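Here are my notes on the charged pairs in this one. Have a look at the model first, then read on.

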Amino acid sequence: MKIILRNWALLVIYLCASSFSQAQETTLRMVSGFPENTKYVSYIQEWITKFNAEGKGVLQINFIGGPKAIPTFEVGNAVKTGVVDIALATGAFYTNVMPEADFLKLTQIPIAEQRKNGAYDLINKVWNEKGNMVYLSRFVENQPFHLYINKKIDKPDLTGLKIRISPVYREFFIAQGANVVTIPPGEVYTALERGVIDGYGWPIGGIFDLNWNEKTKYRIDPGFYDAEVSLVMNLPSYKKLTEAQQKFLQSQIAALEAQNISWVKYNQEEINRQAKSGIQTIKFDAATSKAYVDKAYAEGWSNAMKQSPEFAARLKSLIAK
Ligand code: 173
């Protein structure tokens with residue numbers, strides 16, 4: 001009897017010790033909804049390198065890959081169900097999990113301010129409840145979207161044009177008469193090459209990453225909205241972390257967001273690069289430009305109000321100018 005008891009005691013000690021040692025270091029699995037050879041992914045991979053160096057013995061991130069691992073429009077579900085712990089994504093990629101995800105393109109104040117004025121907490125409440133996820137970090141901002149086309153226009157009229165979209169641009173481009181088709185970033189080049197589309201929506205930066213510049217004649221100015229690219233995390237995975245691990249993760253995120261202003265410089269480099277590569281800009285006059293941007297926000301908010309009236313109204317009061 002004594003021997004059995006002693007064996008039990010040893011077993012209990014062993015189990016406690018092993019779960020303790022597991023809590024020492026956790027590795028989080030991350031995927032990206034953007035293809036691997038895009039700026040957003042290389043930017044985050046640099047961050048992960050530093051994260052893993054500083055997080056030895058505490059917390060590590062294992063970057064699994066891009067849409068070949070999990071298709072672009074499935075990353076939200078993968079996070080929601082815990083198939084992966086973290087996704088690099090934009091809200092437009094997971095409107096199938098919650099339509100609210102796409103509203104964050106409408107923010108007109110920085111994430112630093114959103115964290116202070118309650119917007120970040122409001123976003124997290126909805127992301128927790130509807131998405132089973134934590135809205136960890138917005139690491140791209142200050143980056144407007146544009147329309148890129150291959151047929152010349154002289155006013156915001158897209159009648160007869162077939163335009164590649166993600167949910168970001170849907171209402172706005174349809175309002176201008178476009179025929180729209182949803183295509184994940186990884187398949188846009190082929191669509192351009194085959195002449196299936198006359199143009200596409202994308203931020204000011206990044207069109208060289210996937211060689212779209214080869215198939216792009218014009219960029220429409222001005223831009224509109226603010227590209228939202230972020231890290232979202234499975235809620236149970238986050239809750240499972242120890243206090244020390246959460247603290248480490250949050251400190252790394254603070255450092256990441258502190259660099260957000262760097263996108264302004266990148267945008268200018270991309271504008272210059274586009275001009276050098278022969279992409280012409282179509283500029284509307286001041287009054288038309290203002291009406292164009294106003295229309296973008298009006299369409300965006302009106303769609304948001306239809307999809308999720310209560311959240312849209314509260315969010316608008318916090319993040320619109
Ligand atoms: O696919 C897209 O055009 C899109 O939704 C997006 C969002 C943020 C950054 C880049 C692209």
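Is Lys295 buried, partly exposed or exposed? Lys295 has a relative accessible area of 38%, so it is partly exposed (buried is under 20%, exposed over 50%, partly exposed in between, with a 1.4 Å probe and protein chains only).

1. Some ground rules. This is a predicted model, where local features need pLDDT of at least 70 and side-chain atom pairs count only at pLDDT 80 or more, while totals for chains, interfaces and linings use all residues. Residues are numbered from 1 along each chain as its sequence is written, and side-chain values use heavy atoms, with hydrogens and water left out.

2. The tally is 12 salt bridges, a salt bridge being a side-chain nitrogen of Lys or Arg within 4 Å of a carboxyl oxygen of Asp or Glu.

3. Back to Lys295: its salt-bridge partner is Glu299, with 3.3 Å between the closest N and O atoms. Both sit in helix 11 (residues 286–307), four residues apart, so about one helical turn separates them. Helices here are DSSP runs of H or I with at least four residues, numbered from the N terminus.

4. Lys50 and Glu54 also form a salt bridge, at 3.4 Å from N to O. They are four residues apart in helix 2 (residues 39–54), which means a separation of about one helical turn. Lys50 is partly exposed at 45%, and Glu54 is partly exposed at 45% too.

5. Then there is Glu257 with Arg115, a salt bridge whose closest N and O atoms are 2.8 Å apart. Glu257 belongs to helix 9 (residues 243–257) and Arg115 to helix 4 (residues 111–117), so the pair ties together parts 142 residues apart in sequence. Glu257 is buried at 11%, whereas Arg115 is partly exposed at 30%.

Conventions. Helix = DSSP H or I, 4+ residues; strand = E, 2+ residues; numbered from the N terminus.
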